[in-house]
Amino acid sequence: MAKHRKSDPIPEDCPCGLPAPYDECCGRLHRGEVQAKTAEQLMRSRFSAFAVQDEAYLLRSWDPQTRPADVGFDPGMRWETLDVIGSTGGGPFHTEGTVEFRAHYRAHGQPGSLHENSRFRRHDGAWVYLDGDIG
Ligand SMILES: [Zn+2]
């Protein structure tokens, strides 16, 4: 699952919104070359993983307490852009953090957005996604 099929839309610009090519940005986290240093970096990489449908990365960056059995991508759903609104904690010396964001998508051709305040914590030293409040 870590490898992308040829038909997958691997974008040149990273979906997470940072001004870098996907390969040198979230792609490095998805391939396991580097770990997220902050909760915000993990959050951005998880958004990108939804955009490129990297299920393996989403599952391994999910807290084991709340991790689902699978992600179940909706084939009609495309995650397009991300706005990070704010964050608390989540730095190199923190063990918990929150990231508030708005994620923009296209569902069966219709644009929409999701506003969430996500909670992250460290698990075995690595940032993982715990849960979030949507609204
Ligand atoms: Zn990125």
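Strands β3 and β4 form a hairpin, with 2 residues between them. In the turn, Asp-124 has a positive phi of about 50 degrees. This is a predicted model: local features need pLDDT of at least 70, side-chain atom pairs count only at pLDDT 80 or more, and totals for chains, interfaces and linings use all residues. Residues are numbered from 1 along each chain as its sequence is written.

**The sheet**

Helices (H or I, at least four residues) and strands (E, at least two) are DSSP runs, numbered from the N terminus. Two strands pair if DSSP finds at least two bridges between them. Here 4 strands form an open sheet in the order β1-β2-β3-β4, and the pairing is antiparallel. β1 and β4 stand at the edges with a single partner strand each, so one side of each has no neighbour in the sheet. From one strand to the next, the twist averages 30 degrees. Two of the pairings are listed here.

| Strand pair | Bridges | Direction |
|---|---|---|
| β2 and β3 | 12 bridges | antiparallel |
| β3 and β4 | 8 bridges | antiparallel |

In a regular strand the side chains alternate between the two faces of the sheet.

**Helix α2**

α2 packs on the sheet and touches β1, β2, β3 and β4. Its direction makes about 170 degrees with that of β1. Such axes are lines fitted to C-alpha atoms, for helices over the stretch in contact, and angles run from 0 to 180 degrees between N-to-C directions.

A residue is buried if 20 or more other C-beta atoms lie within 10 Å of its own, exposed if 12 or fewer, and partly exposed in between; C-beta atoms are placed from the backbone. In α2, 13 of the 14 residues are buried, so the helix is largely enclosed by the rest of the structure. Just after α2, Gln-53 takes a positive phi of about 55 degrees.

**The core and Phe-120**

A nonpolar core is a set of buried Ala, Val, Leu, Ile, Met, Phe, Trp, Tyr and Cys residues joined through C-beta atoms within 7 Å. The largest one has 25 residues, and Leu-42, Phe-47 and Phe-120 touch the most other members. α2 gives the largest share of this core, 7 residues.

Phe-120 has a bridge partner in Gly-97. Phe-120 also stands opposite Tyr-129 in β4. Two residues are in contact if their C-beta atoms, placed from the backbone, lie within 7 Å. Not counting residues up to four places away in sequence, Phe-120 touches several residues, including Ala-39, Leu-42 and Val-99.

**The loop between α3 and β1**

Trp-62 is found in the loop between α3 (55-60) and β1 (77-89). Not counting residues up to four places away in sequence, Trp-62 touches Arg-67, Val-128 and Tyr-129.

Thr-66 also lies in the loop between α3 and β1. Thr-66 counts as exposed, with 12 C-beta neighbours inside 10 Å. With the sequence limit of four places again applied, Thr-66 touches Leu-130 and Asp-131.
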